[in-house]
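This report describes a sheet, the helices that cover it and a pocket. The sequence and the structure are shown first.

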Amino acid sequence: LRQTKDLARAIGLSIVVFNCSDQMTYLVMAQIFMGLAQTGAWGCFDEFNRISIEVLSVVSTQYKSILDAIRERAKSFIFMDEEIRLISTVGAFITMNPGYAGRTELPENLKALFRSCAMIVPDLTFICENMLMSEGFIIARPLSRKFVTLYSLCKELLSKQMHYDWGLRAVKSLLRQAGTLKRKEPEADENPVLCRALRDFNTPKIT
């Protein structure tokens, strides 16, 4: 989801995220596709396989009609018995969490309309090192290793709390805060600067 949003932002296209559920009907999906086709925006359907199998079968026909019109370089096309305008930048992306309860296996004809892309867990040390360098830290590599080790230990050893977040979003926020401290004291030792950011960011939420 995040990668799709970043890609759309990078190439200057609007993107709309839809959180899918088993309450979505083929008429709801038709309205969404009509809006996307006429604006040329991208649609990202999060947890797409939560939609019921009956609706997914109709969705495959709906989306295929849009793709066929794009291939024909049409300016307008018939969609659900209505002629609508087509802007060729329109696109649809889906995310899925297979194996969870209440998830549906996609029909083969719908799978054929999308290109699958497997995701892996990002290398947090590499991300931290680059973020620290971009914030002006000189000894970014050893600091990133220490930082990731600390966060890994926190995630493994501390109790499970709803407000604890040791993931990438929290890491980015903390490193931005460390960068702010670094710019205020550019000549200061970088180890204490990062330690101060860690203390200020995490102490209030640890219970």
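This is a predicted model: local features need pLDDT of at least 70, side-chain atom pairs count only at pLDDT 80 or more; totals for chains, interfaces and linings use all residues.

Strands of a sheet pair through backbone hydrogen bonds, in either a parallel or an antiparallel arrangement.

The open sheet as a whole consists of three strands in the order β1-β2-β5, with parallel pairing. The edge positions are held by β1 (15–19) and β5 (91–94); each has a single partner strand, so one side of each lacks a neighbour in the sheet. From one strand to the next, the twist averages 20 degrees.

## Helices across the sheet

Helix α1 (residues 2–11) lies across β1, β2 and β5, and its direction makes an angle of about 170 degrees with β2. Helix α2 (residues 26–39) also lies across β1, β2 and β5; the angle between α2 and β2 is about 150 degrees.

## The second largest pocket

The second largest pocket holds about 250 Å³ of space. Which helix supplies the largest share of its lining? Helix α6 (residues 140–157) does, with five residues.

The residues lining this pocket are V121, P122, L124, V148, Y151, S152, K155, E156, W166, G167 and L168. Classified by type, the lining comprises seven nonpolar, two polar and two charged residues.

Technical notes:
Residues are numbered from 1 along each chain as its sequence is written. Side-chain values use heavy atoms; hydrogens and water are left out. Two strands pair if DSSP finds at least two bridges between them. Helices (H or I, at least four residues) and strands (E, at least two) are DSSP runs, numbered from the N terminus. Axes are lines fitted to C-alpha atoms, for helices over the stretch in contact, and angles run from 0 to 180 degrees between N-to-C directions. Contact means heavy atoms within 4.5 Å. On a 1 Å grid over the protein atoms alone, a cavity is a set of points where a 1.4 Å probe fits but cannot get out, and a pocket is an open set with protein on both sides within 12 Å along at least five of seven lines; lining residues have an atom within 4 Å of a point. Grid points are joined across faces, edges and corners, and a volume is the space filled by probe spheres set on the points. Ala, Val, Leu, Ile, Met, Phe, Trp, Tyr, Cys and Pro count as nonpolar, Asp, Glu, Lys and Arg as charged, and the others, Gly among them, as polar.
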